[in-house]
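Biologist: I have a model open and would like to go through its layout with you. Please start with the terms, then take my questions in turn.

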Amino acid sequence: MMNKISVSIVGGSGYAGGDLIRLLLFHPNVELKQVTSERFLGKALYKVHPNLRKQTDLKFCAIDELESCDVIFLCLPHGKAMGSIEKFNLLADKIIDLSADFRLNNPAEFKKWYGEDHKFPEKLNEFVYGIPELHREEMKTAKYISSAGCNATTTILGLYPLYKEGLVEPDRTVVEVKVGSSEGGNRSTESSHHPVKDGSVRSYQPTQHRHTAEIIQELSFGKEIKIHFSATALDIVRGILATSHVFLNQELEEKDIWKLYRKYYANEYFIRIVKEKEGNYRYPEPKIVAGTNFCDIGFKKDEESNRLVVISSIDNLMKGAAGQALQAFNIMNGLEEKTGLEFPGLHPY
Amino acid sequence: MAAECPVCGADIEFPEGTVENELIECPDCGTELEVISVDPPKVEEAPSEEEDWGQ
């Protein structure tokens, strides 16, 4: 039996951190060693993540108390990881960063979208972009992985086969994501106040969403493309539904689209094609993937035009954060990719 | 030899004992299909009702 891989989490009090703790505690090959939180220093993990009551005796520690381990997961707010990556690298050879700090390969793009110079631009190319279905081979030997943005993951997985094969008009794609409130993190604000938020459908980022940069990076394949991206917050907690409108550059029937998606995803355990003519769940829906690492993808060709509507859905905290990071961890450590990620969700939920 | 799903193009192997007019489901797209011929294997989409929202 192999020795367990020792793992610590930096910044474990957020929602993604909480899901990651939950997953790692039950991972058969992992010893969860330390979890940091400056805000909840010294408190038991379950005080912040009540679902973990009686599941662990761990308490939040300070970053300065971190000991060396095999792998560190960084769940820090955006902008914090890039300034201290060297410090964490002294403690662990392998790092998986869940923030946006190392997602973009190009420092100029980082400055354009995040409004500041990258603090460690020479490190950007050492990080593998974190969607396993696109970068599995690089992950097998990677020391650094940067988990993809949740909205970007939903969009990229939905559109990847079409862009990879060059089947769409490159500048006309329109993506609308509908997202749950947990995307906004666990700090309350005036806009999250119950009387304000309850029942709302909020267009929180009609243009210029930062995840657009990642989507373009991963779907361009050396060509110039445009992605017209909007995000709307719904009155749900978990989940993302991306509705992507692409315009095909050649005549394709729905059966051809089926074959295309089968070519790329038939062997991908975490990707399911969902497109049925009857029943309550004919297309992907966030509540069906809640708590899981699945990405469900469906599509419908407009018979009156060359528009193809691609519908994709994930749990933003799982396939969009903790689950994706654990899948990458498994690959990077030579483990069975599904380990710790088998939960199929709840129905009804 | 397998039948081809008329909706998604998946190969469909008939279980042993399959007979004509039997209803089966495509393993990929879940469409309900009617077995038109066992040898050679052929299927066609079974009739179904679609929902129509927004009236």
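Modeller: A crossing of two helices is left-handed if the near helix is turned anticlockwise from the far one by less than a right angle, and right-handed if clockwise. This is a predicted model, in which local features need pLDDT of at least 70 and side-chain atom pairs count only at pLDDT 80 or more, while totals for chains, interfaces and linings use all residues. Residues are numbered from 1 along each chain as its sequence is written, and chains are lettered from A and ligands numbered from 1 in the order in which they are written.

Biologist: In which hand does H1(A) pass H11(A)?

Modeller: Helices here are DSSP runs (H or I, at least four residues) and strands are runs of E of at least two, numbered from the N terminus. Helix H1 of chain A covers residues 15–25, and its axis lies 9 Å from that of H11(A) at an angle of about 40 degrees. Axes are lines fitted to C-alpha atoms, for helices over the stretch in contact, and angles run from 0 to 180 degrees between N-to-C directions. The crossing of H1(A) and H11(A) is right-handed.

Biologist: Which residues of H1(A) meet H11(A)?

Modeller: Two residues are in contact if their C-beta atoms, placed from the backbone, lie within 7 Å. On the H11(A) side, the partners include Met318(A), Ala321(A) and Leu326(A). From H1(A) come Ala16(A), Asp19(A), Leu20(A) and Leu23(A).

Biologist: Which element supplies the largest share of the side of domain 1 of chain A that touches domain 2 of chain A?

Modeller: Domain 1 of chain A spans 5–148 + 319–332 and domain 2 spans 151–316, with bounds from an automatic or database domain assignment. Between them, 20 residues of domain 1 of chain A are in contact with 24 residues of domain 2 of chain A. Helices H4 (107–114), H5 (132–139) and H11 (318–332) of chain A each supply at least two residues of the domain 1 side. The largest share, six residues, comes from H11(A).

Biologist: How many of the 55 residues of chain B, in percent, count as buried?

Modeller: The elements of chain B run β-β-β-β-β from the N terminus on, with zero helices. A residue is buried if 20 or more other C-beta atoms lie within 10 Å of its own, exposed if 12 or fewer, and partly exposed in between, with C-beta atoms placed from the backbone. For chain B the buried share is 20%.

Biologist: How many residues of chain B are in contact with chain A?

Modeller: On the chain A side, eight residues take part. The chain B side numbers 10.
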